[in-house]
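Notes for your review follow.

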Amino acid sequence: MLSIEPKDVSVGKLHQYLLGAIGPRPIAFASTIDKDGNPNLSPFSFFNVFGANPPVLIFSPARRGRDNTTKHTFENAKNVDEVVINIVNYDIVQQMSLSSTEYAEGVNEFEKSGLTMLKSDLVKPFRVAESPVQLECKIKEVVETGTEGGAGNLVICHVVKMHVKEEILDEDGFIDQHKIDQVARMGGNWYTRAKMGMFEVPKPLSTLGIGVDSMPKDVRTSSVLTGNDLGKLGNVEALPENGEIETFLKTNTTDAELVKTGNTQKIHKQAQTYLEKDQPENAWKILLAK
């Protein structure tokens, strides 16, 4: 394993390792204005949400590693305590990237990228009309983590108004994770399109899973079942009763014949198939059948 102490490598090299390791990262497409009222638009992938009451977003327009200069967004955030965080979807990813070009101060990146300025309701910076979600924010604090090149600048924002396009909502009125079609930042020139790789993992908060430590040893030490398989099996609240297992085998004769063979490898393979179909209860029934 390659082990690195930050002091032993250049800032640029460490930066690349960090960006390659920590991802995908959501993108804050930040709209600000300078003290003269000139609009600025730039994306930042050091970004996330940190609370709902109050609703808090934090992003970081870090100091440039190569020459220790600061970005227009950072200067604007210090001078005008307002920002709009626009969410980036696949439809605008190329225009978002274009806006990250280091244009001279005062150049309007909305115009350069061909994106539409939309007047905000409660803050002075403009929204990106094409963005599926736009969050008007008041900047509460700017925390500088250092004064050397590569240091972060945490812009702590409180959301005062949120705009969500209705076409991305599901039937319950919440944001549909497929319809929003978000993109996220990876290392180098790489991005990821979230909906192309989405999968569901039931949260254990609503149940008290039995845990891997409570499983029979032959299951826990299986050479077939993966760590993810064990995670799914451990998220059930209780193991099936003997009566449930017997009923299952009566209605699944192929599985019943497999159990009779006593072939542990094949039985575990069949359990794995059930897990791939998100049927952990059936997986347990064949694993526990005798």
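1. The face of α7 turned away from its buried side carries Lys 250 and Thr 251, both exposed (exposed means over 50% relative accessible area, buried under 20%, with a 1.4 Å probe and protein chains only). Helices are DSSP runs of H or I with at least four residues, strands runs of E with at least two, numbered from the N terminus.

2. This is a predicted model: local features need pLDDT of at least 70, side-chain atom pairs count only at pLDDT 80 or more, and totals for chains, interfaces and linings use all residues. Residues are numbered from 1 along each chain as its sequence is written, and side-chain values use heavy atoms, without hydrogens or water.

3. Ile 245, Phe 248 and Leu 249 are buried in α7 (residues 242-251). They lie on the same side of α7 because they cover an arc of only 95 degrees around the axis (taken from the directions from the helix axis to the C-beta atoms). The buried residues of α7 pack against α8 (253-261), α9 (264-276) and α10 (280-288), where contact means heavy atoms within 4.5 Å.

4. The largest pocket has a volume of about 1300 Å³ (a pocket is an open set of points on a 1 Å grid over the protein atoms alone, where a 1.4 Å probe fits, with protein on both sides within 12 Å along at least five of seven lines; lining residues have an atom within 4 Å of a point). Of its 49 lining residues, His 15, Leu 19, Phe 46, Ala 62 and Lys 71 are the closest to its centre. α1 gives the most to this lining, seven residues.

5. The second largest pocket has a volume of about 720 Å³. β3 gives the most to its lining, with five residues.

Conventions
Grid points are joined across faces, edges and corners, and a volume is the space filled by probe spheres set on the points.
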